[in-house]
Amino acid sequence: MPLPDLDDLIAEVDRTCDTAHRAATSQEQPDWLALLTTAAGVAGQLQALADDLVEDYVEHCRMHGHSWTDVGAALGVTRQAVQQRFQAPHKRYGPETMTGDLRLAMTHVKRAAVQHRNNYIGTEHLLWGLTAGTNSATRLLRSLEVSPDDIHRAVGARFSVGASQAAERIAWTPYSRRAIAIAEERACAEGHEGVEHREGAEPLIDCHHLLHGLARTGRGVAATVLAEAGLDLSAL
């Protein structure tokens, strides 16, 4: 995959900046400040993508037993520096943030990781758990003419068997964390209508919210399986 060069990025800034080339009343020069603002936005998106790329591989290195010293050496920095950058605590989503149906699905998620001796919870585990029983996610899939049973079998076929014995130290992958964060946003956007909630707190995350998060993440095994099943993200 060829990476964009500077000319490509400049062309993208010119293309996406709506106001840059609108002629002002007294001058023919483009709006350089508008172009600068757009360029900064593009640079921010590239940096965020680059950070996600490195974080994904750091997490996989840690999952497969490499020390922070090893990871720091691979990145050309000290152990302390790499820990400060990548060991920031992530938001935790406990049972109290989920509906009863999603809590039940999560028991299937954990069981799938343990049975396959995986020391991580990937998007494939989450989708497998969501389609293990009847809930708002499977009802949504059926309403879109996508078979939850077919999804369950397809994602199950993609599990890999690891060698982990650390059943109580299973970490979520970056894509899985992104999916649950999107699910939380979706639950809040829907408000309290038809969703379990705690008094004085945000609505709980339900199964269809997590399905939406897995699809919108756009990466990982779950997104691939859903796309191959013909799931229309706009309809979802």
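1. Which elements cover the buried residues of H7? In this predicted model, the cover over the buried residues of H7 includes H6, H8, helix H10 (207–217) and helix H11 (221–228). The residues in question, within helix H7 (residues 136–143), are Ser136, Ala137, Thr138 and Leu141, each of which is buried. As background to such a pattern, residues three or four places apart in an α-helix point the same way, because the helix has 3.6 residues a turn.

2. The two ends of H7 deserve a remark each. At the start of H7, a side-chain oxygen of Asn135 comes to within 2.9 Å of the backbone nitrogen of Ala137, and Ala137 is among the buried residues of the helix. After H7 comes Glu145, placed in the loop between H7 and H8, where its phi is positive at about 60 degrees although the residue is not a glycine. With a relative accessibility of 76%, Glu145 counts as exposed, the cut-off for that class being over 50%.

3. Arg117 belongs to the loop between helix H5 (100–115) and strand S1 (120–121), and its relative accessible area of 36% makes it partly exposed.

4. On the overall architecture, the secondary structure of the protein amounts to 11 helices and two strands, and read from the N terminus the order of elements is α-α-α-α-α-β-α-α-α-β-α-α-α. The protein has 236 residues, of which 38% count as buried. When contacts between residues at least 6 apart in sequence are considered, 66% of them join residues at least 24 apart.

5. The largest nonpolar core contains 34 residues, and those with the most contacts inside it are Leu102, Leu127, Leu130, Leu210, Leu211, Leu214 and Leu226. Two or more residues are given to this core by each of H5, H6, H7, H8, H9, H10 and H11, with the largest share, six residues, coming from H5.

6. Trp128 lies in helix H6 (residues 123–130), whereas Phe159 lies in the loop between helix H8 (148–156) and strand S2 (171–172), so the pair ties together parts that are 31 residues apart in sequence. Both Trp128 and Phe159 are buried.

7. Where does Ser176 lie, and is it buried or exposed? Ser176 is placed in helix H9 (residues 174–190), and with a relative accessible area of 0% it is buried. Its side chain reaches the backbone oxygen of Gly122 at 3.4 Å, which falls within the 3.5 Å cut-off for a polar contact. Apart from its neighbours within four places in sequence, Ser176 is in contact with Ile121, Gly122, Thr123 and Leu126.

8. Ala171 lies in strand S2, and Ala171 and Tyr120, although 51 residues apart in sequence, are 4.7 Å apart from C-alpha to C-alpha. Ala171 is partly exposed, its relative accessible area being 31%.

9. Where the two helices meet, H3 brings Trp68, Thr69, Val71, Gly72 and Leu75, and H4 brings Arg79, Val82, Gln83 and Phe86.

Terms used. Residues are numbered from 1 along each chain as its sequence is written. This is a predicted model: local features need pLDDT of at least 70, side-chain atom pairs count only at pLDDT 80 or more; totals for chains, interfaces and linings use all residues. Side-chain values use heavy atoms; hydrogens and water are left out. Helices (H or I, at least four residues) and strands (E, at least two) are DSSP runs, numbered from the N terminus. Buried means under 20% relative accessible area, exposed over 50%, partly exposed in between (1.4 Å probe, protein chains only). Contact means heavy atoms within 4.5 Å. A polar contact is a pair of N or O atoms within 3.5 Å; within protein, one must be able to donate a hydrogen and the other to accept it, and residues adjacent in sequence count only if both atoms are side-chain atoms. A nonpolar core is a set of buried Ala, Val, Leu, Ile, Met, Phe, Trp, Tyr and Cys residues joined through side-chain atoms within 4.5 Å.
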